[in-house]
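Please look at the sequence and the structure before working through the solutions.

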Amino acid sequence: MTRRRVSPDGSSVGVLLLDTHFPRVPGDIGNPATFDFAVAYHRVAGASAEAVVRVGQREQLLPLFIEGARALERNGARAITTSCGFLARFQGDLGAAVDVPVFTSSLLLVPLVHRMLPAGRAVGVMTVDASALGAAHMAGAGISPEMRVVVAGLETEKEFTRVLLEDLPTLDVEQARAEHVAVAQRMLAPHPEIGAIVLECTNMPPYRADIQAATQLPVFDIATLVRMVHDALTRDAPRVG
C-alpha cells in the first residue's frame with residue numbers, strides 16, 4: 001500500500017490563495033489564526049479578486065489554479081480548497097487534476113443544507129457580488145434548478161465588496177459587519193421561507209456570528225467546511241475502548 005506524504009508543516013488542508021493584499025481579519029480563510037490547526041497556503045500569482053469574480057478569465061486562470069493545486073498536493077496536502085467561492089466553476093477541473101479531495105467553495109454546502117431544511121424552505125446565499133454569481137458557479141457546486149436558493153450580494157454596500165475587489169489596504173471591519181447584517185435582513189424581509197444561510201465569500205466568516213444573531217438562522221461558511229474536512233482527515237478524536 002502506498003503511503004501518502006504528510007505536509008511538512010503538519011497541515012491536512014491546502015488553500016489556493018488569491019493574489020491579494022486586502023486585510024484578512026481573524027475568521028478569514030487567509031488568516032492562519034482562523035483555525036486551531038495548521039493550514040497550508042499557495043498564492044496563485046496573477047489571480048486577483050477582480051479577475052476571479054467579475055472578469056472570469058477561465059482560459060488564463062484555470063491553468064494557474066491547476067498548477068497551484070498540484071503544488072499543494074506534492075507538498076503533502078490531503079485535501080484542497082480555495083480562497084474564493086466563485087471558483088466553484090472550477091470544481092470539476094481541479095478535482096480531475098489532483099488525486100486528493102477538492103472542495104473549491106462553500107457553495108458545495110448548499111445542496112446539503114437544502115436537504116436539511118423542511119419542504120418548501122429555501123437556502124439564502126450571501127455573496128460578494130450577486131450580479132457576478134451565475135449558473136456556471138451554481139452548476140459547479142452541484143446546485144440544481146429545483147433547489148430553492150435566494151441570492152443577495154454586498155455589492156450594494158459601500159465598504160466590504162469595494163475593499164475586496166479593488167484590493168485596498170484597509171478595511172473598516174465595523175462597517176463591513178453592519179453591511180453583512182443589513183444585507184442578511186434585507187434578503188430575509190421578502191423571503192421568510194429562507195431556513196438557513198450559506199456565505200459564499202471566504203472573507204465573510206468573521207461576520208457569521210453577527211448574521212446568526214440578527215437572523216436567528218443557521219449560517220454556514222467555508223470555515224465550516226474546512227473544519228469538517230480536516231476532522232475527516234485527522235485522527236485527533238479520542239478512541240472508544
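**Exercise 1: Positive phi angles**

Glutamine 216 lies in the loop between α8 (208–215) and β8 (219–220); here helices (H or I, at least four residues) and strands (E, at least two) are DSSP runs, numbered from the N terminus. The model is predicted, so local features need pLDDT of at least 70 and side-chain atom pairs count only at pLDDT 80 or more, while totals for chains, interfaces and linings use all residues. Residues are numbered from 1 along each chain as its sequence is written, and side-chain values use heavy atoms, with hydrogens and water left out.

Task: Determine what the phi of glutamine 216 is, and whether glutamine 216 is buried or exposed.

Solution. 
- Step 1. Most residues other than glycine have a negative phi.
- Step 2. In glutamine 216, a residue other than glycine, phi is positive, near 60 degrees.
- Step 3. Glutamine 216 counts as exposed because its relative accessibility is 66%; the cut-offs are under 20% relative accessible area for buried, over 50% for exposed, and in between for partly exposed (1.4 Å probe, protein chains only).
- Step 4. Aspartate 167, likewise not a glycine, has a positive phi of about 55 degrees. Aspartate 167 is placed in the loop between α6 (160–165) and α7 (173–188) and is partly exposed, at 27% relative accessible area.

**Exercise 2: The open sheet**

Task: State in which order the four strands form the open sheet, and which strands stand at the edges.

Solution. 
- Step 1. Strands of a sheet pair through backbone hydrogen bonds, either parallel or antiparallel. Two strands are taken to pair if DSSP finds at least two bridges between them.
- Step 2. The order is β2-β1-β3-β4, with parallel pairing.
- Step 3. The edges are held by β2 (39–43) and β4 (102–103); each has a single partner strand, so one side of each lacks a neighbour in the sheet.
- Step 4. Four bridges join strand β1 (residues 13–17) to β3 in the parallel sense. Leucine 16 stands opposite threonine 82 in β3.
- Step 5. Helix α2 lies across β1, β2 and β3 and runs at about 155 degrees to β1. Contact means heavy atoms within 4.5 Å; axes are lines fitted to C-alpha atoms, for helices over the stretch in contact, and angles run from 0 to 180 degrees between N-to-C directions.

**Exercise 3: Aromatic pairs**

Task: Find how many aromatic pairs there are, and describe the pair of phenylalanine 65 and phenylalanine 90.

Solution. 
- Step 1. Rings of Phe, Tyr and Trp (its six-membered ring) pair if their centres lie within 6.5 Å; planes under 30 degrees apart count as stacked, over 60 as edge-to-face and the rest as tilted.
- Step 2. The count by this rule is three aromatic pairs.
- Step 3. The ring centres of phenylalanine 65 and phenylalanine 90 are 6.1 Å apart and the planes stand at 55 degrees, so this pair is tilted.
- Step 4. This pair links distant parts of the chain, 25 residues apart: phenylalanine 65 is in helix α2 (residues 58–74), and phenylalanine 90 is in the loop between β3 (79–82) and α3 (91–97). Both residues are buried.
- Step 5. For phenylalanine 160 and tyrosine 207, the centres are 6.0 Å apart and the planes at 90 degrees, so the pair is edge-to-face.

**Exercise 4: Salt bridges**

Task: State how many salt bridges a search of the whole structure finds, and where the partners arginine 43 and aspartate 19 lie.

Solution. 
- Step 1. A salt bridge is a side-chain nitrogen of Lys or Arg within 4 Å of a carboxyl oxygen of Asp or Glu.
- Step 2. The search of the whole structure finds nine salt bridges.
- Step 3. One of them joins the side chains of arginine 43 and aspartate 19, at 3.4 Å from N to O. Arginine 43 lies in strand β2 and aspartate 19 in the loop between β1 and β2, so the pair ties together parts 24 residues apart in sequence.
- Step 4. Another salt bridge joins arginine 208 and aspartate 221, whose closest N and O atoms are 3.3 Å apart. Arginine 208 is partly exposed at 23% relative accessibility, whereas aspartate 221 is buried at 0% relative accessible area.
- Step 5. Salt bridges with shared partners join Glu174, Arg177 and Asp210 into one network.
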